[in-house]
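Subject: Structure handover and findings

Hello,

Here is the structure you asked for. My notes on it follow below.

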Amino acid sequence: MTTTTKVYVIYYSVYGHVGTMAREIQRGANSVNGVEATLWQVPETLPDRILNKMKAPSKEADVAVIKPEQLVEADGFLFGSPSRFGMMASQFLAFFSTTHELWACQALAGKPAGIFWSTGFHGGGQELTALTAITLLAHHGMLYVPLGYTFGSGMFEMGEVKGGSSYGAGTYAADGSRVPTELELQQAFYQGKYVAEISKKLKGHPPVA
């Protein structure tokens with residue numbers, strides 16, 4: 001008898017770049033037999049008047065906002081956020097701050113998690129965003145799953161601008177007008193599949209208490 005491996009793709013997106021990556025990551029995760037990947041958004045902390053001034057589009061109505069207690073239902077995670085000064089956006093950090101009860105009992109310990117992101121330009125934190133996010137995973141005892149160079153030739157592309165690195169999938173937003181490229185989306189799909197496969201393996205071999 002087989003059981004479903006649940007992978008939660010949890011993200012925050014202002015202008016849609018991370019949201020686009022999240023959907024491709026979900027597709028990749030769902031391509032693994034026996035895996036059910038679900039999209040979730042973290043709560044917005046900015047008031048509507050600020051979002052209107054930022055000309056931010058409405059949140060995706062088909063993606064529910066996650067609550068901290070729902071994290072325990074997942075077997076694996078992919079967390080996505082735009083970069084802010086080399087870190088996850090404050091909205092994502094605020095969400096993690098609400099998980100203190102899960103941290104206290106280490107309810108998420110041993111669960112695998114990958115990171116993906118969007119930055120404005122080259123120096124915006126394509127690698128640092130993942131590195132600083134690892135501290136959040138470490139406190140919860142989660143297992144950080146980097147891509148390494150398993151994406152193959154796509155990791156060595158020099159003929160075009162491409163986000164992402166050995167730490168995870170990424171994209172560049174530039175002034176907001178740039179959208180994720182086909183290669184960046186391929187890497188996102190691959191990351192979803194890769195983390196889902198690892199989540200499935202770990203679910204079948206839980207750690208000994």
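I start with isoleucine 10. Leaving aside residues up to four places away in sequence, isoleucine 10 touches Trp40, Val42, Ile66, Leu71, Phe77, Leu78, Phe79, Gly80 and Phe92. Contact here means heavy atoms within 4.5 Å.

Two points on the basis. This is a predicted model, in which local features need pLDDT of at least 70 and side-chain atom pairs count only at pLDDT 80 or more, while totals for chains, interfaces and linings use all residues. Residues are numbered from 1 along each chain as its sequence is written, and side-chain values use heavy atoms, with hydrogens and water left out.

**Cores**

A nonpolar core is a set of buried Ala, Val, Leu, Ile, Met, Phe, Trp, Tyr and Cys residues joined through side-chain atoms within 4.5 Å. Buried means under 20% relative accessible area, exposed means over 50%, and partly exposed lies in between (1.4 Å probe, protein chains only).

The largest nonpolar core has 28 residues. Ile10, Leu71, Phe77, Phe79, Phe92, Ile115 and Met142 touch the most other members. Two or more residues of this core come from each of β1 (5–11), β3 (76–84), α3 (90–97), β5 (112–119) and α5 (128–140). The biggest giver is α5, with 4 residues. Helices (H or I, at least four residues) and strands (E, at least two) are DSSP runs, numbered from the N terminus.

There is also a second, separate core of 21 residues. Val18, Val63, Phe116 and Val145 are among them.

**Aromatic pairs**

Rings of Phe, Tyr and Trp (its six-membered ring) pair if their centres lie within 6.5 Å; planes under 30 degrees apart count as stacked, over 60 as edge-to-face and the rest as tilted. The count by this rule is 9 aromatic pairs. One of them is phenylalanine 77 with phenylalanine 79, stacked at 5.3 Å centre to centre and 10° between the planes. Both of these phenylalanines are buried. Tyrosine 190 and tyrosine 194 are also stacked, at 5.7 Å centre to centre with 20° between the planes. Both tyrosines lie in helix α6 (residues 182–204), 4 residues apart, about one turn of the helix. Ring pairs also link Phe77, Phe79, Phe92, Phe95 and Phe96 into a cluster.

**Salt bridges**

A salt bridge is a side-chain nitrogen of Lys or Arg within 4 Å of a carboxyl oxygen of Asp or Glu. The whole structure holds 7 salt bridges.

Glutamate 60 meets arginine 23 at 3.1 Å, N to O. Glutamate 60 is in the loop between α2 (48–53) and β3, arginine 23 is in helix α1 (residues 17–30), and the two are 37 residues apart. Glutamate 60 is partly exposed at 27% relative accessible area. Arginine 23 is partly exposed too, at 29%.

Lysine 59 pairs with glutamate 44, with the closest N and O atoms 2.9 Å apart. Lysine 59 is in the loop between α2 and β3, and glutamate 44 is in the loop between β2 (35–41) and α2.

Aspartate 75 and lysine 203 meet at 3.3 Å, N to O. Aspartate 75 lies in the loop between α2 and β3 and lysine 203 in helix α6, so this pair ties together parts that are 128 residues apart in sequence. Aspartate 75 is buried, with a relative accessible area of 17%. Lysine 203 is partly exposed, at 33%.

Salt bridges that share partners join Arg23, Glu60 and Asp62 into one network.

Best regards
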